[in-house]
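Visitor: I would like to learn how to read the features of a model such as this one. Please start with the terms and then go to the case at hand.

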Amino acid sequence: MELNKTILPLLLFSSLSFSGCRYLIEPEYKAVKNFRISKLDGNVSTVKMDVVCYNPNKIGFRVKGTDLDIFIDENYAGHTTLDSTILAPANSDFVLPISVLAKNSLVYKNLFSAFLNQELTIKVSGTVKAGISGVYKNFKINYQEKQRISF
């Protein structure tokens with residue numbers, strides 16, 4: 001009898017967790033904001049940006065990790081991963097902070113292009129790991145937009 005009192009809540013919790021993640025709607029990628037070069041150092045620079053996403057689900061979830069490639073004007077800038085957990089509240093926007101080390105030759109080339117055109121094309125491609133109650137699912141991301149640059 002004691003065993004049933006323990007197993008039933010555990011089974012109920014497990015089924016809710018797995019069904020919640022299975023029906024998790026993929027986040028919508030809305031914009032890249034705050035594109036900036038935060039540090040010029042030696043042969044590499046630190047490029048940072050915020051990827052704004054929308055959670056269309058009726059429940060919040062956590063983004064546990066990312067595995068993303070960043071491209072600037074069709075040139076591979078680098079690879080980035082998320083080392084912290086981000087909360088994505090239900091039916092609202094959330095931000096994925098991105099930081100990537102890029103070769104200075106690419107940065108200088110793109111700065112010159114941005115100076116002439118006043119914009120850069122930023123592409124983010126890879127996967128985002130999101131879930132509920134410890135059950136996670138990978139979602140593909142392939143987002144590209146032109147970013148206005150002002151000097």
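Guide: Buried means under 20% relative accessible area, exposed means over 50%, and partly exposed is in between, with a 1.4 Å probe and protein chains only. By that rule, 40% of the 151 residues of the protein count as buried. The model is predicted: local features need pLDDT of at least 70, side-chain atom pairs count only at pLDDT 80 or more, and totals for chains, interfaces and linings use all residues. Residues are numbered from 1 along each chain as its sequence is written, and side-chain values use heavy atoms, with hydrogens and water left out.

Visitor: How many helices and strands does the protein have?

Guide: Helices (H or I, at least four residues) and strands (E, at least two) are DSSP runs, numbered from the N terminus. Here they come to 2 helices and 8 strands. Along the sequence the pattern reads α-β-β-β-β-β-β-α-β-β.

Visitor: What share of the contacts between residues at least 6 apart in sequence join residues at least 24 apart?

Guide: Contact means heavy atoms within 4.5 Å. Among contacts between residues at least 6 apart, 67% join residues at least 24 apart.

Visitor: Now the sheet. What is the order of its strands?

Guide: Strands of a sheet pair through backbone hydrogen bonds, either parallel or antiparallel. Two strands count as paired if DSSP finds at least two bridges between them. In this model an open sheet of 3 strands has the order β1-β2-β6, and its pairing is antiparallel. The edges are β1 (28-41) and β6 (92-103); each has a single partner strand, so one side of each is left without a neighbour in the sheet. On average, neighbouring strands of this sheet are turned by 20° against each other, direction ignored. Such an angle is taken between axes, which are lines fitted to C-alpha atoms (for helices over the stretch in contact); angles run from 0 to 180 degrees between N-to-C directions.

Visitor: Over how many bridges do β2 and β6 pair?

Guide: They pair over 12 bridges, in the antiparallel sense. As one example to find on screen, K48 has S99 in β6 as its bridge partner.

Visitor: How many salt bridges does the whole structure hold?

Guide: A salt bridge is a side-chain nitrogen of Lys or Arg within 4 Å of a carboxyl oxygen of Asp or Glu. The search of the whole structure finds 2. One joins D93 and K30, with the closest N and O atoms 3.1 Å apart. D93 lies in strand β6 and K30 in strand β1, so this pair ties together parts that are 63 residues apart in sequence. D93 is partly exposed at 40% relative accessibility, and K30 is partly exposed at 42%.

Visitor: And which side chains meet in a salt bridge at 3.9 Å, N to O?

Guide: Those of E119 and K146. E119 is in strand β7 (residues 119-132) and K146 in strand β8, so parts 27 residues apart in sequence are tied together. E119 is partly exposed at 25%, whereas K146 is exposed at 54%.

Visitor: Where is D50, and what is the nearest side chain of opposite charge?

Guide: For charge, Lys and Arg count as positive and Asp and Glu as negative; His and the chain ends are not counted. D50 sits in strand β2 (residues 44-55). D50 is buried yet has no salt bridge, and the nearest side chain of opposite charge, R36, is 4.5 Å away. A polar contact is a pair of N or O atoms within 3.5 Å; within protein, one must be able to donate a hydrogen and the other to accept it, and residues adjacent in sequence count only if both atoms are side-chain atoms. The side chains of D50 and N34 make such a contact, at 2.8 Å. Beyond four places in sequence, the residues in contact with D50 include A31, V32, V95 and L96.

Visitor: What is the phi of N34?

Guide: Phi of N34 is positive, about 55°, although N34 is not a glycine. N34 is found in strand β1 and is partly exposed, with a relative accessible area of 47%. E74, also not a glycine, has a positive phi near 70°. E74 is in the loop between β3 (61-72) and β4 (75-81) and is exposed at 60%.

Visitor: Last, is L106 buried or exposed?

Guide: L106, in helix α2 (residues 104-117), counts as buried at 10% relative accessibility. Leaving out residues up to four places away in sequence, L106 touches I72, N75, Y76 and A77.
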